[in-house]
Amino acid sequence: MAGRGVCVPAQARPWWGPMAASSPSLVAAVLAHSGRLEKEDLSTRIARLSRRVEELKGEVCNMINKKYNEFLPSMQSAEDLVSQVDSLSSNIDLLKSRVENEVQRDLNVAIAEFTELKQQLERDSLVLSVLKQLQEFDAAIKDYSTALLEKKYVAAARHLEKARSSLKMLESRQGFELKVLKALGTELTVQTQNMIYHLGEEWRQMVLWKLPPSKEISSAETVMQTELHFCTMPLKEDQSAGPPVVSVLQAFALLGELHTRLKLFGQLLLKYILKPLISYPSLRPLAEEQPDRVVLQFECAEPNLEHPSPVEVFGKIKLVLEVLHKHLLDVPLDECGEHDKDSKVLLAEVLGDMIWEEMSDCLIQDCLVYSIPANSSKLEQYVEVIKSTEEFEKSMKNMGFLKGDATDLLKYARNVNSHFANKKCQDVIVAARNLMTSEIHNTVKITPDSSVAIPKLPDPGTGDNLKMQKASKKLHNELMNLENETKLSQHTFSLPTCCVSVSVEKLMELAYQTLLEATTSTDQCCIQLFYSVRNIFHLFYDVVPIYHKENLQKLPQLAAIHHNNCMYIAHHLLTLGHQFRYRLTNILCDGAATFVDLVPGFRRLGMECFLAQMRVQKGELLERLSSARNFSNMDNEENYSAANKATRQVLHQLKRLGKVWQDVLPVNIYCKAMGTLLNTALREIITRITALEDISAEDADRLHSLCRTMLEEGPQVFTPLLEENKNKKYQEEVPVYVQKWMMFKELMIILQANLQEIVDQWADGKGPLAAEFSSAEVKSLIRALFQNTERRAAALAKIK
């Protein structure tokens with residue numbers, strides 16, 4: 001029992017049992033203490049345990065009592081607070097109910113009344129402001145009417161502007177519209193137009209134009225009818241107001257009409273006064289001052305030059321603008337609303353802004369352009385033009401017509417070197433094109449002694465060019481010692497005698513003169529002129545073959561002249577660059593100053609044109625020979641007559657060409673060309689005859705007669721020179737130029753020879769006949785000429 005412990009029934013458990021159950025530490029202490037007492041006596045242990053339990057019980061009871069005494073007052077105060085909260089909640093609910101039912105209703109009523117009062121105040125303020133603006137508008141209109149009747153135009157314009165400002169304020173109010181505003185706007189527009197009308201009438205009386213009946217300015221006589229009158233008397237109503245134009249212009253400015261009036265005035269001024277003074281040198285401006293007005297008109301004088309001098313033109317324009325400035329444009333715009341930002345702006349500056357650009361362009365295009373020197377020697381004299389341009393612009397600034405620094409007019413004048421180069425280049429190209437489009441058939445004879453008429457070139461300058469020249473002389477002296485005793489003719493590298501177009505000769509003179517001009521020009525101008533000369537030849541290459549295409553195709557003489565022209569140009573291009581190389585700017589001295597690259601193109605151009613004409617002539621020759629009926633059956637009179645006619649036509653064509661090309665083509669080209677054409681005819685005749693299968697004795701005689709005609713008259717087509725006695729040399733050299741000449745002669749021999757003679761001419765393939773004909777051709781002729789006999793067979797056997 002002692003070892004197992006005491007089992008206490010549930011009913012007998014001590015009152016602190018539950019506490020022990022809820023206090024594990026207490027139970028643990030008890031259990032631990034019980035464990036220590038196992039070895040003691042049970043009674044001692046129980047007694048000790050009982051005492052301990054009682055002690056614990058007392059402590060627990062004290063603790064519980066203490067806690068209870070502390071909790072009781074807190075609980076009471078909490079209950080009091082709960083009752084107070086309930087009371088306050090009831091009061092809040094009551095107040096909330098009163099606010100929702102009574103105060104909110106009164107507040108809504110007050111807000112509505114405040115809003116209504118505020119809106120009424122705004123309406124009243126707006127109405128008051130509108131009434132004030134209407135009153136100001138009405139007062140301004142009344143003041144305007146009074147001022148207008150008194151011709152106080154500036155004051156009237158200000159009143160109109162005040163009325164316009166009031167109306168704009170009325171129209172700008174949001175949510176407020178009056179039907180009367182439309183009527184007020186209409187009234188303001190009517191009064192404004194009324195004042196503009198009155199001002200326009202005053203303007204027309206003060207500034208009176210008398211214009212010519214014709215709207216187009218075609219001559220100086222038309223412009224002479226133009227007059228401009230300025231009224232200089234003050235208004236009667238206001239003698240202290242100065243010239244009436246001042247108040248009128250200031251009123252125009254206030255109404256915003258000044259720009260329109262001045263623009264129209266500026267256009268008339270440019271068209272009928274300034275531009276004619278620039279374009280017609282004979283016109284002179286004349287200002288006549290009368291008691292109440294100034295009259296600006298023209299007088300006519302005999303012009304000294306075709307184009308006006310810039311100095312004279314500047315003087316004329318300056319006189320006109322000075323008159324305008326004195327009597328019209330010296331009006332300050334400090335009170336004219338258009339120029340509020342700059343109170344020192346004058347009316348002259350406004351007009352100057354409108355007309356200066358167009359006037360300066362006219363000065364450049366119709367005056368300064370023509371004053372650019374035509375050659376560099378006169379460039380120094382152009383300083384006077386630059387100086388007069390500077391003085392002209394300075395006077396324009398002093399009068400207020402111009403503001404700012406150098407304008408396009410002065411820049412153009414100062415940039416004279418560039419303009420000179422451009423003008424020179426343009427003139428050169430225009431002159432060159434005119435020459436290219438002129439007639440080709442006007443020719444001049446060129447001989448080896450001929451040279452382009454140009455002045456002697458100046459000596460090269462100092463520096464590298466001079467050193468190069470000295471080096472060239474030294475090399476020349478060294479080479480002189482190496483020369484052979486036999487010297488070439490001085491004409492070895494000369495162009496052979498021929499005829500070229502006068503226009504082409506002038507074209508080359510133009511090229512030389514232009515390059516000569518380049519040697520004395522500035523670097524930039526020199527470069528431009530050099531490449532202009534190159535452009536001349538490029539232009540020739542492109543223009544001439546197209547412009548003269550039809551004539552070059554139809555007229556053999558023009559084709560020959562064009563051939564000579566191209567060869568003449570190419571001949572000069574070989575040395576043109578070399579002649580000027582060390583006299584041009586350094587940029588061009590490094591190999592760029594050359595025309596050699598153009599030489600092949602010009603030679604090809606001339607040859608292609610002439611060869612095309614040769615093909616045309618060959619075609620005509622073959623066409624004529626095609627009517628010879630293949631030279632067959634010559635015993636037939638019709639066939640013989642056709643063949644004879646064809647032969648005569650061929651000779652006639654060749655003789656005509658010989659006359660056309662006579663003294664035009666170089667002798668060697670002439671002989672080659674005529675030899676080629678005659679050779680074409682002979683080759684066609686030989687081909688036709690050798691193709692015959694049967695030639696009777698009568699046919700052979702007649703064919704021989706035809707061939708003899710060609711042989712006798714053929715050399716007569718070689719007449720390259722006008723002197724007949726000098727042509728014999730070339731007629732004797734026909735075999736040199738006609739490849740088939742000897743063959744043709746051998747054919748004639750065959751037509752009249754017997755079999756033995758033919759065999760002898762063949763000479764086992766070593767005779768003259770073998771040199772021209774093949775064995776097959778000779779055999780074919782023998783078969784056609786002779787009947788089939790043993791002799792013919794023997795002869796054929798010998799032709800190998």
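In this tour, a residue is called buried when its relative accessible area is under 20%, exposed when that area is over 50%, and partly exposed in between, using a 1.4 Å probe and protein chains only. The model on your screen is predicted, so local features need pLDDT of at least 70, side-chain atom pairs count only at pLDDT 80 or more, and totals for chains, interfaces and linings use all residues. Residues are numbered from 1 along each chain as its sequence is written, and side-chain values use heavy atoms, with hydrogens and water left out.

**The whole chain**

Start with a cartoon view. You are looking at 30 helices and six strands; these are DSSP runs numbered from the N terminus, with helices (H or I) of at least four residues and strands (E) of at least two. Of the 800 residues in the chain, 40% are buried. Contact here means heavy atoms within 4.5 Å. Among contacts with a separation of 6 or more, 75% are between residues 24 or more positions apart.

**Aromatic pairs**

The structure has 13 aromatic pairs. Rings of Phe, Tyr and Trp (its six-membered ring) pair if their centres lie within 6.5 Å; planes under 30 degrees apart are stacked, over 60 edge-to-face, and the rest tilted.

Select Trp356 and Phe392, a stacked pair with 6.1 Å from centre to centre and 25 degrees between the planes. Trp356 belongs to helix 10 (residues 347-371) and Phe392 to helix 11 (residues 383-399), so the pair links distant parts of the chain, 36 residues apart. Are these two buried or exposed? Trp356 counts as buried because its relative accessibility is 10%, and Phe392 is buried too, at 3%.

Now select Phe610 and Trp661. This pair is tilted, with centres 5.1 Å apart and planes at 50 degrees. Phe610 sits in helix 20 (residues 599-625) and Trp661 in helix 21 (residues 637-661), which puts them 51 residues apart. Both Phe610 and Trp661 are buried.

For a group of rings, select Phe530, Tyr531, Phe537, Phe540, Tyr541, Phe595 and Phe602: ring pairs link them into a cluster.

**Around Leu605**

Stay in helix 20 and pick Leu605. Leu605 counts as buried, because its relative accessibility is 10%. Which residues does Leu605 touch, not counting those up to four places away in sequence? They are Phe540, Tyr541, Pro545, His562 and Cys566.

**A charge over a ring**

Next, show Arg702 and Tyr640. Arg702 lies over the face of Tyr640, 4.7 Å from the ring centre. A charge sits over a ring if NZ of Lys or CZ of Arg is within 6 Å of the ring centre and within 35 degrees of the ring normal.

**Two helices side by side**

Colour helix 8 (residues 258-279) and helix 10: their axes come within 10 Å and cross at roughly 30 degrees. Axes are lines fitted to C-alpha atoms, for helices over the stretch in contact, and angles run from 0 to 180 degrees between N-to-C directions. Helix 8 and helix 10 are therefore roughly parallel (under 35 degrees; over 145 is roughly antiparallel, 65 to 115 roughly perpendicular, the rest oblique). Residues that meet here include Leu262, Phe265 and Leu269 in helix 8, and Leu351, Met354 and Ile355 in helix 10.

**Last stop**

Finish at Gln191 in helix 5 (residues 179-206). Gln191 is buried, with a relative accessible area of 15%. Leaving out residues up to four places away in sequence, Gln191 touches Tyr144 and Leu160.
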